[in-house]
Amino acid sequence: MTDVVRLRRRVREACAAAGVPADQRARLVLAVTLLAESGPTTELSSAMADGRLSVTLESARPVGQPERNTLPLLPAPGDGASLTWHLDAGTGPLPVPGDDETATRDEMLALVARADAVAKEQRELKHELAETNSGVLAMYVELEERDEQLRKAHAVIFRELEDALRPPPPPAGPFELAVHYAPSQQDSPTGGDLYDWFVLPDGCVHITLVDAVGHGVTSTRHALTVTHAIRTLALEGHPFRDLIGRTARTLATIEPELMATVLLARLDPATGGVTFANGSHPRPVLVTADGGTELLAAATSGRGVGFPDPGSESLIHRTLADGDLLVIYTDGLVESRKDFQEGEERLLAAARRNAGRPTAEIPDALATEMLEIVLHADDTVVIAIRHRPGYGDA
């Protein structure tokens, strides 16, 4: 557990003991995280007095008022190395959040729900003002400006939380990994497209790519639920072939309205082998070192979570040679011009043209080229997987 994760844990424990609501806790956790990542901290303490929780962070450097003003939750004014936040306590203690990933997910959803509530209040207030006489026009204009400021402030918080939910590539031996993620609306939080990747006890790398049906908070929650369920089942050792079907059956009674396409990849660093299980998801693209391209179609017979007969009916396996490239993605990459087949053809050509780039540049390059014209906006995830034997330990 890193020092930053431990610091977040202490903040969450203090907030839980004081009954601080999840949306306020989220802003405090994010503020403390940003300070800890920008420089070393020496101590964090908390105290209760008169129904308020005070949390104090000691930084190794002075933090001026201009920098304090940029934090998601403003501390008490000052210019020193000590920063103190005061939060209203709740009616009683709350459960201590679980692991860092689960706590971050819950905090993001609480912030999204709060943002939706604020947006609804703003819409209702604007409607009331619009029905009044022209004497309140100046108030209406001011409200519009406040609404824009709130939207931008929430966007900053959402971006930080999205980064927490989009883990960096895990150690993958001879496989180079890179990712591009872009929501359909730049001022909105993560939608229904998410990914997860981690190393299994046997050393293989597991990748999950999910596209949940719907929009807004519900699709975000559904995508998080699917990725979390698959991670749990995979780490428990359930067969790779059964993961999509077992996930669907597990969630059927918990989230009966949930529908999501799923693509799973299993990378074997020892052999260079890659195995896919597909549940209604777009087909992976393979670009071989000699420039050949292929849509891996044999893995498309399965169905996703929430669909009839969910699961991958067949698996597809490839053993990659040195320099071979795989591209997996969500449908936002190929449906921007409302023609899925035409998008697949363009992607094959674009992948072949960009295969010579460094792996880290490929996802962004493909997204830029494929989304040059957008007739249908959608969330987009692009993941590049390159096999480079002998480079994994470099």
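Hi everyone, let's start with a pairing: β1 and strand β2, residues 52–59, run antiparallel to each other and are joined by eight bridges. Two strands count as paired here if DSSP finds at least two bridges between them. Helices (H or I, at least four residues) and strands (E, at least two) are DSSP runs, numbered from the N terminus. Within that pair, A47 sits opposite S54 in β2.

A quick word on the source: this is a predicted model, where local features need pLDDT of at least 70 and side-chain atom pairs count only at pLDDT 80 or more, while totals for chains, interfaces and linings use all residues. Residues are numbered from 1 along each chain as its sequence is written, and side-chain values use heavy atoms, with hydrogens and water left out.

Back to the sheet. It is open, with three strands in the order β1-β2-β3 and antiparallel pairing. β1 (41–49) and β3 (82–88) are the edge strands with a single partner each, so one side of each has no neighbour in the sheet. From one strand to the next, the twist averages 15°.

Two helices lie across these strands. Helix α2, residues 22–38, lies across β1, β2 and β3, at about 170° to β3. For these angles, axes are lines fitted to C-alpha atoms, for helices over the stretch in contact, and angles run from 0 to 180 degrees between N-to-C directions. Contact means heavy atoms within 4.5 Å.

Now the inside. Which residues have the most contacts inside the largest nonpolar core? They are V226, V262 and L264, in a core of 27 residues. Such a core is a set of buried Ala, Val, Leu, Ile, Met, Phe, Trp, Tyr and Cys residues joined through side-chain atoms within 4.5 Å. Buried means under 20% relative accessible area, exposed over 50%, and partly exposed in between (1.4 Å probe, protein chains only). Helix α6 gives this core its largest share, seven residues.

Beyond four places in sequence, V262 touches residues including V226, I230 and V305. A second, separate core has 23 residues, among them Y181, I207, L209 and I316.

Last stop: F240, in the loop between α6 and α7. Is F240 buried or exposed? F240 is buried, at 11% relative accessible area. Its contacts beyond four places in sequence include L264, F276 and L315. F240 and F276 are 36 residues apart along the chain, with their C-alpha atoms separated by 9.0 Å. Thanks, everyone!
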